Amino acid sequence: MNAETKPQAPNTKDQRSTSKASTNRIIGQSLPRKEDDRLLQGGGLFVDDAQFAHQIEMAIARCPFPHARILRINTAAAWQVPGVLEIFTGKEVAERSNPLTVLRPVPGAPALPYFALARDVALHEGQAVVSIAAETRAIAEDALDLLEIDYEPLPHVTDTAKCLDNDAPVLHPELLANNLMAENTDQIGEPDQKCGTAEVVARGRFYNSRVAPLSLETRGVAVYWRAGARMLDVRLSTQVPHLVRKQLAESLRLEESGIRVVASDVGGAYGMKLGAFPEDILASLHAISLGRPVKWIEDRMEYFRASTHGRESIHNMAIAADRDGRIKAIIDDYVTDIGGWNSPFGSAQLSSVTFAGPYKVSDARATRMVVLSNKTPIGAYRGYGQPEVNFALEVLLDRMAGKLGKSPLALRRLNMLQPGDLPWRTASGAVYDIGDYPRTLEMAAAAVDYEAHFAAPRVVRGDGRIKGIGLSSFVERTGYASARFLANRGSQFGAHESVTLRANRSGGVDLYSGVSTFGQGSETAFAQICAQVLGIDYDAVRVHAGDTASSPLNTGAFASRTLIAASGAIKQAAEVMRQKILLIGGMALEQSPANLTIRQMAVCVKNNPTLSVPLADVFKRAITGQGIPNGIEPGLEATAHFEPREASFSFGTAAAVVAVDPQTGEYKVERFVMAHDCGIEVNPMLVEGQVRGALVQGIGAAMNEELRYDAETGQLINGSMMDYFAPMSVDVPPIQLLHTEVPSDVTTFGVRGVGEVGTIPPAAAIANAVCDALRDYQIEISELPITPEKVWRAICTAKQAR
């Protein structure tokens, strides 16, 4: 696209229509969400809604130190509390179970045996040490107060930058010589040589703060053991029911067929609810031992110390360019802090995939160092490494523009991959599929009149503030390339998704999926795809989600992969079912299936729609086997498994408009614009909701959110909702979303993932906007969150250097 081109923003008006809309094109309509009626009327079924007869509850004693040896545990007094039924320590748990397994190991890292309860040494504040099962949670917690646990505090390290210091305590000395868990490098070309000979090099060190995913529903588990059937029924708040079933079988030494996991409704997840946690094992052990159902619901104090955190990393990045501004090489040497243990999904890995962004770079290298610290384990969190590296890359790109005397927009235009460059293979081996990256850049820039603003001087407004605008362009990997790709990295899951479609006598279709519903709208999108392929009404499709007993084995919902994989499975199953429907309808109408179609919930003749038979009648024929063609088996259902041939990449550009007080550093985001492309939008309303929600999380991490550990004590100092500053509705700036729809050429229907995209650009866009407002001071922002104090200190530092 030429620099002068100013494309108009597409019409983003809500296209919501009724569920009785034409079945000719259900994909692409903003149909009402399937989930909303039950959730808004209080009909959701979350873990805490599960109530079993004779149910008891569990509470956990947790280590108060960041690193401590457990010298003695005296449970005598706790046993005397009426209603206490069972007490486990690390010794009993190690005898009855295996360590928790890791679904996505860190490549090249040793396995760290992680039992549900600490045995000899606890490695972070909040690690589980004792579990008590009692008639009620209150009784169990009273008994916790009577435990006598003697700890010997040990030296700790909670500063990511100091984890590899020579004097840092080694967390796993039996397996590692230091706290470096693994080091991985992805490279293409000769980036170090190019950086050494480049005319201009920009370098920076960028810190991403540790944050909490903060789902509305905390973790929880309710377990019922049927001893006679040797069947464990587990109600769980999880994104991956089938994968948790696998992990429970491995840790509990049970057959997988003897475990049922149900995740009916999940109150938010954001990547944090991936895999089994210690409490899931403990509740199961108590249920099996006592023969009574056991429930545990995490409270918020536990949540901040026991549920996985996200993001924390340090990126040392270099960009090399010639005098004209063409990028010659990018290098990212980064450290990611995994905490005390390897969680089910380990540390974020996608920084190494997207570190070169949407730019044409032939020489690039990313080296990731995964380090251990005495903090809560890090897990997957919305974006999984992509927001972190985007902050480093896009802020450093603006600094490079300053070195070259160019506008940040011009530098991006010069280096951005053009449609003709795609597909493009990156240093990690990932392949960007087709897209139009420059168009979203121009759309975002035009929406905020960036060029006119950049050319104008920075002046203090009447309110004492200076206006600034910052850009951030990005790509997002959505989905996985293949099971072969995952196997090479040791992942314990596949890239495919599976569904079963089953006709019922009422004339509807039941869709069974192992994908749990946690706000991403999968029930709605699945129903739209199924309805369109079959040719039936949207209302005729009911989605049954998250139950391992009724759904085919699948992978689960994460990595913006669900729709990419599931759409292919739904299409395949629906096409098989449609073919059989037309065969049976043809017998009823005495017509060839080639002359028939499905319209208005009936099989009808294409050129004479009045000649028809209701789908309910066709379905009854199939289910009973009465009135079907010879050679056709009774029943009307289809199961399909689909693996995409490649990952797809969403893309876009964001622009933040801020107003900064140069005296205090206080600033406000006055407007946030994002132009993006997620391929064909199955439901535009869902897309808008996903992007806006993710943007709020990204803005929160950029401006306020940070889990802070005291350097001296190693303890979390803001682990409560009073002290952790997540954004509220009044903190959210006006958001304008602009969309393009370039169909992906590697996915069914041309879809791309969209669930995480909004978390990626906010930090860099806001940082660049603040620096732009204070351009005359030449400040630099390199750490998140961007608090007013940090801005004020940067101003003071800049003034002193002048």
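Author: Ring pairs link Phe345, Tyr480, Phe493 and Phe558 into a cluster. Rings of Phe, Tyr and Trp (its six-membered ring) pair if their centres lie within 6.5 Å; planes under 30 degrees apart are stacked, over 60 edge-to-face, the rest tilted. This is a predicted model: local features need pLDDT of at least 70, side-chain atom pairs count only at pLDDT 80 or more, and totals for chains, interfaces and linings use all residues. Residues are numbered from 1 along each chain as its sequence is written, and side-chain values use heavy atoms, leaving out hydrogens and water.

Reader: How many aromatic pairs by that rule?

Author: The count comes to 15.

Reader: Which charged end sits over the ring of Tyr538?

Author: That of Lys34, 4.4 Å from the ring centre. Lys375 lies over the face of Tyr709, at 5.9 Å from the centre of that ring. The rule wants NZ of Lys or CZ of Arg within 6 Å of the ring centre and within 35 degrees of the ring normal.

Reader: New topic. What does the domain assignment give?

Author: Domain 1 (47-154 + 218-266 + 273-306), domain 2 (313-482 + 645-801) and domain 3 (496-642). The bounds come from an automatic or database domain assignment.

Reader: What separates the centres of domain 1 and domain 3?

Author: 40 Å, taken over C-alpha atoms. Still, 17 residues of domain 1 are in contact with 17 residues of domain 3. Contact means heavy atoms within 4.5 Å.

Reader: Now the largest nonpolar core. Which residues touch the most other members?

Author: Phe672, Ile766, Val770 and Ile779, out of 141 residues. Helix H10 (residues 386-404) gives the largest share, 10 residues. Domain 1 and domain 2 each supply at least three residues. A nonpolar core is a set of buried Ala, Val, Leu, Ile, Met, Phe, Trp, Tyr and Cys residues joined through side-chain atoms within 4.5 Å. Buried means under 20% relative accessible area, exposed over 50%, partly exposed in between (1.4 Å probe, protein chains only). Helices (H or I, at least four residues) and strands (E, at least two) are DSSP runs, numbered from the N terminus.

Reader: What is Val770 in contact with?

Author: Val658, Val660, Tyr667, Ile779, Ile781 and Val791, leaving aside neighbours within four places in sequence. A second, separate core has 56 residues, including Ala527 and Leu596.

Reader: Let's do helix H6. What should its 12 residues span?

Author: 16 Å, at 1.5 Å a residue, and the end C-alpha atoms of H6 (residues 241-252) are 16 Å apart, which agrees. The expected span is 1.5 Å times one less than the number of residues.

Reader: How many of its residues are buried?

Author: 11 of 12, so H6 is mostly covered. Strand S10 (231-236), strand S11 (259-262) and helix H7 (278-290) are among what covers the buried residues of H6. Arg253 follows H6, with a positive phi near 60 degrees.

Reader: Are Arg311 and Gln778 buried or exposed?

Author: Arg311 is buried, at 11% relative accessible area. Gln778 is exposed, at 69%.

Reader: And which peptide bond at Pro785 is cis?

Author: The one from Leu784, with omega near -5 degrees. Pro785 sits in the loop between helix H19 (762-773) and helix H20 (788-801). Gln778 is placed in the loop between H19 and H20 as well. The bond from Leu422 to Pro423 is also cis, with omega near 5 degrees.
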